[in-house]
Amino acid sequence: MLYERFYGYALKTVFRYIYQYEHAVDVTNDGFAKFFRHFEKFKPGPPADTEKILMAYLKKIMINTAIDELRKRQMIPEIGAMPDSIWDVVDDRQDAEQHMRYKELILLIKRLAPQYRSVFNLYVIDGYNHNEIAGMLSISAGTSKSCLSRARALLQDSIRKSEKARVCRV
Amino acid sequence: MPGIDDYMDELFQKAASDYPLKTSGANWSKVSGKLKPVTKARKKPVFSGYRLLAAASVAGAVVLFGLLWYNQPAPVSEQEELASSFKRDSSADKRAPELAKTDLNKKIEGGMDAAKTPNHDAGKHGNYPAGLKAPAPAQKPVVSLAAATIRHPSQKHSGQEAGPQKKQNNTSESDSVHHEAVVLIAASGRKRGDLAEKENTKEPAPSQTFAGHSPAVYYGFAIGPQLSQVKQQGVTKPGFSAGLVLGVNMKKRVAIETGLHFSQKSYLSGGEYFYPKPGAMPDGMHVLSLDGTSSYLEIPLNIKYNLSGKPNTLYLTSGLSSYLMIRERNNYKAEMNGTQTQMRSSYREMNPYTAADLNIGVGYQHSVGKSSIRVEPFVQIPLRGTGVGSLKVLNTGLQVIINTKGQQRQERKKDNY
């Protein structure tokens, strides 16, 4: 089933934008509802590329749904601890450290203010340009660039601090 | 620095695709429920959901309290109460007893004449309240006057039955006759002879109609609005509490109550009263103020004391409440890294708080058939803080409780006159 097959992919996309895990689940399901409601608009393309096109189409819907949700909440920052139960347990020891590192990086993104977080995700991870980001967030391209710059500065600072802390522990 | 930026970008792109998030919670039913025809969004009505419930509770409590206060009977003497209770028993549901005035007087006079001699048969028909004795034979009877004061209008001439009738067997008719006799004797205020077989037996006084010495379990439902505040900093939107009540009547006037309520409290506070646990807030964040809403399951344990033994009475309650927090949502105004900002948080962890509040209430209960309706203003004084910031929230509110009377009704039926 399409829903079960792409649920994880969609949730991981939304979770980069939405702070709380349960809220991200709700937004993901909202996104799937939109996806199936307007499924007639999806054009599969050649059979070899159908899955790629479908994933790109689904990702776009999920991002738009997440952005709409953030704008509905007026981009007010959220806080609160992340319970350990939302993270997957990685059995392989070799990959475990890598996955822990990735988990920390995602948490750094989530701790950014919603506007910085959205711009960073849209530009760096999801590949939108500043004009497209400006249209999606109803801001100017200049504001988008300054938000990205600010987000990068904060993330660099956080990475340096966490690297220092790791070195001290070792 | 482009080099570092490119490195960072690549690092975050890898992290975004491979980070270990749990994704096993796919639930198709949540999506299928949303796949309904899209309708135009309706404007949220002003009174919706909790607001309507809170408004209805307040309005209902005010109306109910007003009706109860308006209909509250004036204090009466014991003799008048005996007479009126006889009237209620004999003419309940607008029924008229079959006895006409003349028949009534004849029977009573006959009973009183027979009472001149000891060991009268009248004593066989029932037990008389303590202290009541047969009238002295030489004394002038005032039956007709007493009868006139308690006569039911429908008994006047025709002795017609008024309204639908309940079947009365011979035993109950003779019981009612002797009940009438006792009432008249009591109303006349004369010295009474001893008509009871067990003259030394202490019978409960008529006013002790609802003496329940064995534990009686009762249950009911409670609902009402409440206002919450922290350290007298003002109130925000009202919350509410609704749930089940379970009680046990331990003695005549004392009961122990518990229950399970769902409570929602809204509050606001300055940051100086907000004490977050370590790790609950980001480093460097200083809360300036907050407003929030919390949802709880509340388990109260109270002692209820009736100020009188009557079914309609004022009462006091006091006890403790424990909570299981279901959800907490706070909007913060905070200072972080030198800048003021607004932040929002939502917590869904189920945290227990044992004996968190001291409950004090004063209420009025009114008997309605097999049930009682109670209106009870209350205050809950916090003994410990609750929530992520250990806020001590003071609650005041009004409860409307409808509950059964338990086994008291059966014990009342056993009382004989």
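Student: Why is B:Leu314 called partly exposed?

Tutor: This is a predicted model, and in it B:Leu314 has a relative accessible area of 44%. Buried means under 20% and exposed means over 50%, so at 44% B:Leu314 counts as partly exposed. You'll find B:Leu314 in strand S5 (residues 313-336) of chain B.

Student: What makes B:Leu314 part of a nonpolar surface patch?

Tutor: A patch residue needs over 30% relative accessible area, and B:Leu314 has 44%. Nonpolar side chains are joined within 5 Å, and here the patch is made by B:Tyr305, B:Leu307, B:Leu314, B:Leu316 and B:Val362. Together they give about 420 Å².

Student: Is B:Lys231 buried or exposed, and how do you know?

Tutor: B:Lys231 has a relative accessible area of 51%. Exposed means over 50%, so B:Lys231 is exposed. B:Lys231 sits in the loop between S1 and S2 of chain B. Its backbone is worth a look too: B:Lys231 has a positive phi of about 50 degrees, although it is not a glycine.

Student: What makes up the positive surface patch?

Tutor: B:Lys30, B:Lys237, B:Arg329 and B:Arg348 form it. Lys and Arg count as positive, so this patch is called positive. One of its members, B:Lys237, is in the loop between strand S1 (216-230) and strand S2 (239-249) of chain B.

Student: How do you know that A:Lys12 has no salt bridge?

Tutor: The nearest side chain of opposite charge, B:Asp18, is 5.6 Å away. A salt bridge needs a side-chain nitrogen of Lys or Arg within 4 Å of a carboxyl oxygen of Asp or Glu, so A:Lys12 has none, though it is buried. A:Lys12 belongs to helix H1 (residues 2-15) of chain A.

Student: Which residues does A:Lys12 touch?

Tutor: Leaving out residues up to four places away in sequence, A:Lys12 touches B:Ser17, B:Asp18, B:Tyr19, B:Leu21 and B:Thr23. Contact means heavy atoms within 4.5 Å.

Student: How many helices and strands does chain B have?

Tutor: Chain B has eight helices and nine strands. Of the 417 residues in chain B, 40% are buried.

Key. Residues numbered from 1 in each chain as written. Chains lettered and ligands numbered in written order. Predicted model: local features only at pLDDT ≥ 70, side-chain atom pairs only at ≥ 80, totals over all residues. Heavy atoms only, no water. Patch = residues over 30% accessible without salt bridge, like charges linked within 9 Å, V, L, I, M, F, W, Y side chains within 5 Å. Areas by Shrake-Rupley, 256 points an atom, 1.4 Å probe, with all protein chains shown as cover. Charge placed at Lys NZ, Arg CZ, Asp CG, Glu CD. Helix = DSSP H or I, 4+ residues; strand = E, 2+ residues; numbered from the N terminus. Buried < 20%, exposed > 50% of the residue type's maximum accessible area, 1.4 Å probe, protein only.
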